[in-house]
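Please open the structure in a viewer and colour it by secondary structure. The stops below are meant to be selected in turn.

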Amino acid sequence: MDVPAPATSQTLAPQRSGGSPEPVVTLSGVRFSWSGAAPFVIDIDSLRVTRGERVFLRGPSGSGKSTLLSLLAGVITPLAGTVRVLDRDIGTLGGAGRDRFRADHVGFIFQMFNLIPYLSVVENVCLPCGFSKRRKERAGREGGTVQAEAVRLLEHLDMGEAALLGRPVTELSVGQQQRVAAARALIGAPELVIADEPTSSLDADRRAAFLDLLFRECAREQAALIFVSHDASLAPLFDRTIQFADINRAFGPAPAPV
Amino acid sequence: MILTLAIKSLRNRKFTAVLTLLSIGLAVMLLLGVERLRSESRESFAATISGTDLVVGARSSPVHLLLFSVFRIGNATNNIRWDSYRAIAQRPEVAWTIPLSLGDSHRGFRVLGTTHEYFEHFRFGRDRKLELARGAVLEHMHDAVLGADVAVKLGYQPGDPILIAHGAGDVSFSLHEDQPFRVVGVLQRTGTPVDRTVHVTLQGMDAVHAQAAEDTFDPLAAAVRAGADEHEYHAEKNPKRAITAFLVGLKSRGAALSMQRLVTEYSEEPLTAILPGATLLEVWEIVGAAEKTLFAVSALVVVVGLAGMLVALLTSLSERRREMAVLRSVGARPMHIFALIMGEAAFLTLLGIALGIAALYLGLLAGRPWLESRLGLFIVVGWPSAYEFALMIVVAAAGVLIGLIPAYRIYRYSLADGMTIRI
């Protein structure tokens with residue numbers, strides 16, 4: 001598989017003035033259950049992801065990975081502990097505040113059915129800017145206009161052909177759809193990009209190409225990338241691999257601080 | 001942003017959206033159409049006669065008398081003797097009278113035998129007098145003045161000869177061929193049954209019937225015909241004639257009730273006198289129940305149309321949960337998701353209403369000639385009335401309220417799902 005060489009977090013993550021890498025995600029003592037009481041589905045003592053870092057989060061289905069992503073996105077809040085994203089304790093924000101924070105700072109790529117079927121390629125990419133003034137301004141600064149920035153990102157992802165831009169996304173192949181989803185996650189330069197098994201429906205060649213493009217764009221924007229998958233073969237491509245069972249006491253028997 | 005998404009989402013579900021739009025549009029067209037026909041028919045009826053204090057005819061029901069004498073609907077069961085008419089017309093309370101003789105037709109249009117008083121005293125709408133569009137009023141015995149629709153539909157001009165036929169049907173086999181009339185004038189449009197009437201002189205009418213009677217060797221008819229003046233039009237020359245009804249204008253409106261009693265108690269002949277306004281109220285009472293039923297049915301059709309929208313939106317929800325999760329991931333709040341569905345419901349309802357109004361106006365424009373010719377209903381295609389606007393607002397509000405149901409459900413889903421569908 002033709003994939004970019006792994007880099008260390010030290011080489012990618014920008015340093016604070018004091019020398020330590022700038023944290024994007026910091027979890028401490030986070031517990032969560034859907035019922036509001038024990039048993040918990042998430043019980044993480046600590047987790048830290050820094051700016052520009054590429055983290056591979058690996059774990060079997062049902063281990064609570066998607067719940068952790070919902071906590072990071074502020075869709076749900078922990079029963080105990082703190083979830084800090086960009087130094088903001090997002091548990092202290094109200095519902096609307098968390099939604100706004102997610103729109104401003106987090107880009108998402110899902111496994112499948114990523115795109116809004118009734119929007120064109122460009123409209124799908126521009127979608128986050130409709131909900132975030134901050135990302136709209138940043139996209140405008142990067143490309144002149146939001147649309148121009150969407151086209152620029154699509155060009156970087158080999159999707160810049162004029163014929164493709166206005167096409168309904170339902171006419172695209174799965175690989176093309178994933179690249180559009182990546183462009184949407186990256187528009188407006190969010191500080192955190194979360195990818196939830198985005199390559200599971202791609203063949204090996206497409207997967208390599210997709211990861212190459214994703215890494216390149218995240219590095220360009222210095223975005224932290226949390227990549228969730230149960231495909232162990234991808235682990236060497238990332239700065240760091242976290243076995244989810246190792247950090248989530250609710251699932252694994254022997255948690256270890258990370 | 002949300003409205004754009006709502007419209008694009010609906011475009012993505014064109015088939016169900018179009019069906020929903022059609023059902024709402026047709027329901028609104030029906031509701032507003034029923035209301036429009038109701039109000040226009042009332043207005044049209046009310047505008048048909050004005051300034052007339054009493055209508056007098058042979059003894060019959062007041063509604064029947066009003067319908068045949070003023071609205072040309074149905075036929076008289078009996079006539080009034082000329083001397084009875086003269087006796088009442090000469091009462092000191094009476095300012096003017098207009099004798100009416102009905103029962104004949106010309107190519108489907110009613111023929112009215114009357115006198116010059118008709119053109120002087122008859123009023124319609126808000127005290128509007130009959131005006132000539134061209135030509136002159138009745139002067140000679142075989143003169144005819146046409147209502148606006150008669151002239152337009154039959155293409156007649158002053159100077160054209162016309163024949164009248166016995167009876168009121170579209171086709172008659174009993175033409176008075178030896179008594180041709182000549183068109184001398186055409187009235188301006190009134191929006192009342194006058195437009196569909198051929199006006200002739202009472203004397204001409206007498207002559208026609210006398211000739212018809214002579215053909216069957218009726219000595220009385222021959223005597224009437226002998227008294228007719230072929231050149232000069234004098235209504236008073238035939239004391240044996242009978243008329244169908246007459247309109248009465250009083251010097252003082254306050255005398256209407258006493259005059260009505262006087263006519264009803266007239267000893268020489270059984271007569272009925274009605275106050276047109278009061279009898280019109282009776283007509284509305286009779287048709288009121290049917291109007292209410294029709295309105296209730298059309299309102300139910302609106303409910304069915306909106307229920308169709310509810311079903312369409314509700315059935316789309318489960319397949320759209322993933323779409324909502326994607327929107328949540330890019331920063332949409334549950335309220336945005338709520339507003340998206342509400343936007344779709346509002347858009348469908350408002351567009352449905354607009355479609356219904358457009359269809360109604362097209363239908364009215366297309367059906368107006370038929371309504372006029374078949375039902376005698378003169379529809380003014382103008383701006384919607386305040387009541388119609390109120391109905392539209394009620395339908396729009398009902399559509400938005402119905403939209404709350406799927407919107408609230410998707411709101412709950414999006415709160416529970418977040419970015420992961422939880423079933």
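Predicted model: local features only at pLDDT ≥ 70, side-chain atom pairs only at ≥ 80, totals over all residues.

Residues are numbered from 1 along each chain as its sequence is written, and chains are lettered from A and ligands numbered from 1 in the order in which they are written.

**Whole chain.** Select chain A, which has 10 helices and 9 strands (DSSP runs, H or I of at least four residues for helices and E of at least two for strands, numbered from the N terminus). Of its 258 residues, 49% are buried (20 or more other C-beta atoms within 10 Å of the residue's own, these atoms being placed from the backbone).

**Parallel sheet.** Next, select the strands of the open sheet β6-β7-β8-β3-β9 of chain A, whose pairing is parallel (two strands pair if DSSP finds at least two bridges between them). Strands β6 (106-109) and β9 (240-243) of chain A stand at the edges with a single partner strand each, so one side of each lacks a neighbour in the sheet. Zoom in on β3 (residues 54-58) of chain A, which pairs with β9(A) over 4 bridges; there, Leu57(A) has Ile242(A) as its bridge partner.

**Antiparallel sheet.** Now select β2-β1-β4-β5 of chain A, an open sheet of 4 strands with antiparallel pairing. Its edges are β2 (42-50) and β5 (88-89) of chain A. Strand β4 (residues 80-85) of chain A is joined to β5(A) by 2 bridges, and Val85(A) has Arg88(A) as its bridge partner.

Definitions and conventions
Buried ≥ 20, exposed ≤ 12 C-beta atoms within 10 Å, placed from the backbone.
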